[in-house]
Amino acid sequence: MAVNMKITKAQYGQIAKFISHLKPSRQCMRRLQEKFPNQSPSTLLSIFSQEYQKLIKRTHSRHHTAEAIETYYQRYLCGVRRNAAAPVLLELAYEVDFSPALMARIVLERYLQVHDGVDPSKPYLNSMLKDSSLIPDTILANQVQQCLLNDCCYGSMVDSIKHSIGHEHEVLLREKLLENNLSFLEEDQLRAKGYDKTPDIILEVPVAVEGHVIHWIESKASFGDEASHRAYLQDQFWSYWNRFGPGLVIYWYGFIEELDCHRERGILLKDGFPTDIVTLGTSRAASPEA
């Protein structure tokens with residue numbers, strides 16, 4: 001049986017408030033699930049990630065002043081001199097309420113400036129963050145790796161996971177369309193035809209979902225909160241509507257119910273592939289959600 005991942009704006013507010021007191025560690029998910037046992041773990045993780053990224057954007061600048069950077073670097077040096085095996089960088093990130101992965105980046109960049117005498121290039125820095133064995137100092141390499149392993153919102157590993165999850169849901173959408181014998185064009189095919197901004201799927205024969213005609217489908221492997229949905233409407237969805245007509249957005253990890261308010265204007269929100277579609281004048285049930 002499919003899990004309903006939609007929540008009300010009030011419920012979202014309760015979750016967001018609780019998240020504001022959590023650190024970006026993998027243990028935070030246990031606390032979230034204990035507090036909100038009726039919510040899907042994947043929905044809670046998506047909400048946590050988005051809320052934490054908002055916090056980091058608000059406080060990013062104060063962690064990147066020259067004074068802050070030097071303070072963090074000197075505290076790191078002092079900490080590892082006392083105990084090189086202690087999670088110095090990770091604990092420092094938690095203390096100042098900053099992303100462990102981003103703290104690791106700040107300290108590593110400062111180390112390279114001191115060690116090499118020049119500012120490291122972005123590709124050079126990124127290569128070490130992707131493979132900490134490339135960091136010349138083994139103690140710092142271990143500290144950086146600890147931060148990356150314990151940050152569930154930032155870092156190269158998280159980016160890879162998010163990319164894989166996004167691709168996985170695009171494949172799931174394609175499978176559901178094929179199971180229901182729906183003819184469609186994918187994003188790469190549309191780009192080959194000269195379209196510069198396209199949804200994931202264009203239906204060659206429109207269908208009806210809950211009484212609304214659908215010409216295109218966009219897959220979002222995330223939770224639809226107010227900020228992200230507003231940005232998507234402005235940057236993507238209304239553009240798709242203008243070019244291709246009304247469409248469907250699937251937020252696979254749920255969305256705030258009140259955001260599904262543009263149905264009459266031509267944008268429908270769902271938290272999974274529609275379980276009942278109408279095509280060519282015939283109603284039939286789609287396969288249950290995975």
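Which residue forms a salt bridge with glutamate 95, and how far apart are the closest N and O atoms? The partner is arginine 75, and the closest N and O atoms of this pair are 2.7 Å apart; a salt bridge here is a side-chain nitrogen of Lys or Arg within 4 Å of a carboxyl oxygen of Asp or Glu. Arginine 75 belongs to helix H4 (residues 66–82) and glutamate 95 to helix H5 (residues 88–95), so the pair ties together parts that are 20 residues apart in sequence. Helices (H or I, at least four residues) are DSSP runs, numbered from the N terminus.

This is a predicted model, in which local features need pLDDT of at least 70 and side-chain atom pairs count only at pLDDT 80 or more, while totals for chains, interfaces and linings use all residues. Residues are numbered from 1 along each chain as its sequence is written, and side-chain values use heavy atoms, with hydrogens and water left out.

Across the whole structure, a search finds eleven salt bridges. One of them joins the side chains of glutamate 226 and lysine 9 (3.5 Å, N to O). Because glutamate 226 lies in helix H11 (residues 226–244) and lysine 9 in helix H1 (residues 9–19), this pair ties together parts that are 217 residues apart in sequence.

Arginine 263 forms a salt bridge with aspartate 260, with 2.8 Å between the closest N and O atoms. Salt bridges that share partners join Glu210, Asp260, Arg263 and Lys270 into one network.

The table gives accessibility, where buried means under 20% relative accessible area, exposed over 50%, and partly exposed in between (1.4 Å probe, protein chains only).

| Residue | Relative accessible area and class |
|---|---|
| Glutamate 226 | 33%, partly exposed |
| Lysine 9 | 44%, partly exposed |
| Arginine 75 | 38%, partly exposed |
| Glutamate 95 | 52%, exposed |
| Arginine 263 | 23%, partly exposed |

Key: Helices (H or I, at least four residues) and strands (E, at least two) are DSSP runs, numbered from the N terminus.
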